Amino acid sequence: MRGSKGALGIALGLGAGLAFGAGGAVVKPLLEAGWSPGAAVFARIGIAALVLAVPGLIALRFDLRPLWRARWTVLAYSLIAVVGTQLAFYASIALIPVSTTLLIEYLAPVALVLFAWARQRRAPQLVVVAGSVLAIGGLVLVIGPGGGGLDVVGLLLAGIAMLGVCVYYVLGERADASVPPIALAASGFVVGAIVLGATGAIGLVPFTAAFVEVPYLGTVAPWWVPVLTVGVVSTAFAYVAGITAIRLLGTRLSSFLGLSEVIFAAIVAWFVLGEAIAPLQALGGLLILGGIVLVRFERPSGAAAIDLVPVPADAPRTETRRAERRSPS
């Protein structure tokens, strides 16, 4: 059962990475056509909220009490993990190169490792350290930070986006188990759309949209086609699959699986936008995959390891110690 859940979690994590990665290639023509970041984010989370509202209620059996009990988690998830992360990312790429913003944002898995190290006061296992080094090296090769001025505000915004990604993974794992992943995502989108819509209505966040035809998957399509695609696939499905993967795999492995988004983004941009993948980028993708594999081999330690070998409550103390020694550490 544990193996099947692990396989499902990895599949969902990779599916979320593909959906998130494809979103950039779909949204880019909209931004080039005159859409503002605020309008693009509002459209994608608004559509996702409409798509997931009814399924979310069904998952809750139309009982909103679990959401109320988890209201602070839902609020933090919607404002930080959904709205804040995307707005910070779009605002950052307006000031510094996109590749630099991506590189900072995807330091989130390493930041989570360092945070766990500081909180638990215990160094991470060697495979985690090695996986982190491989993954970061792969990110540098895939993204290849470009030239341009490094605006301080842009760097800070990229850092905020990175922290938002960290919150996404942490809240995804620690959310109340009585709130299903689809309900957490749906409520996050509803609250996020309301808040972002209100800030747009009062002019705090600029909203500009161009209702024209835009390039789409090698052809030309009305503006609403890519908007629907990014809302349904790269937002609704991506967040639900991502949250489910986090609950199945835990924060650490799922966050490293999230790095696959960079690989999928490069592949989709190659096929959709004609942005060819250089040999060094391909090598970087292999390094990222190697880092994910190494993190997958992290062994449970401490109390979690002891739990792998059940010992009856009335077992002699010596038998308990033998069971602890037999369990992996």
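This is a predicted model: local features need pLDDT of at least 70, side-chain atom pairs count only at pLDDT 80 or more; totals for chains, interfaces and linings use all residues.

Residues are numbered from 1 along each chain as its sequence is written, and side-chain values use heavy atoms, with hydrogens and water left out.

**Overall architecture**

- The chain contains 15 helices and 2 strands; these are DSSP runs, with helices (H or I) of at least four residues and strands (E) of at least two, numbered from the N terminus.
- Of its 329 residues, 45% count as buried, where buried means under 20% relative accessible area, exposed over 50%, and partly exposed in between (1.4 Å probe, protein chains only).
- Among contacts (heavy atoms within 4.5 Å) between residues at least 6 apart in sequence, 85% join residues at least 24 apart.

**Packing of α4 with α9**

- Helix α4 (residues 71-93) packs against helix α9 (residues 181-201) at an angle of about 65°, and their axes are 8 Å apart; axes are lines fitted to C-alpha atoms, for helices over the stretch in contact, and angles run from 0 to 180 degrees between N-to-C directions.
- The crossing of α4 and α9 is right-handed; the term applies if the near helix is turned clockwise from the far one by less than a right angle, and left-handed applies if anticlockwise.
- On the α4 side the contact includes V74, L75 and Y77, and on the α9 side it includes L184, A185 and F189.
- By class, the contact of α4 with α9 comprises 13 nonpolar, 4 polar and no charged residues; Ala, Val, Leu, Ile, Met, Phe, Trp, Tyr, Cys and Pro count as nonpolar, Asp, Glu, Lys and Arg as charged, and the others, Gly among them, as polar.

**Packing of α8 with α10**

- The axes of α8 and α10 lie 8 Å apart, at an angle of about 65°, and this crossing is right-handed.
- Residues Y168, Y169, G172 and E173 of α8 meet A238, Y239, G242, I243, I246 and R247 of α10.
- This contact of α8 with α10 has 6 nonpolar, 2 polar and 2 charged residues.

**Aromatic contacts**

- Y168 and Y239 are both buried.
- A cluster linked by ring pairs contains F20, Y77, Y168, Y169, F189 and Y239.
- R71 lies over the face of W68, 4.2 Å from the ring centre; a charge sits over a ring if NZ of Lys or CZ of Arg is within 6 Å of the ring centre and within 35 degrees of the ring normal.

**Selected residues**

- R61, in the loop between α2 (37-59) and α3 (65-69), has a positive phi of about 60° although it is not a glycine.
- R61 is exposed, with a relative accessible area of 74%.
- F62 is found in the loop between α2 and α3; F62 is not a glycine, yet has a positive phi of about 60°.
- F62 counts as exposed, at 59% relative accessibility.
- I292 belongs to helix α13 (residues 279-296) and is buried, with a relative accessible area of 8%.
- Leaving aside neighbours within four places in sequence, I292 is in contact with L253, F256 and L257; the C-alpha atoms of I292 and L253, 39 residues apart along the chain, are separated by 7.3 Å.

Methods:
Rings of Phe, Tyr and Trp (its six-membered ring) pair if their centres lie within 6.5 Å; planes under 30 degrees apart count as stacked, over 60 as edge-to-face and the rest as tilted.
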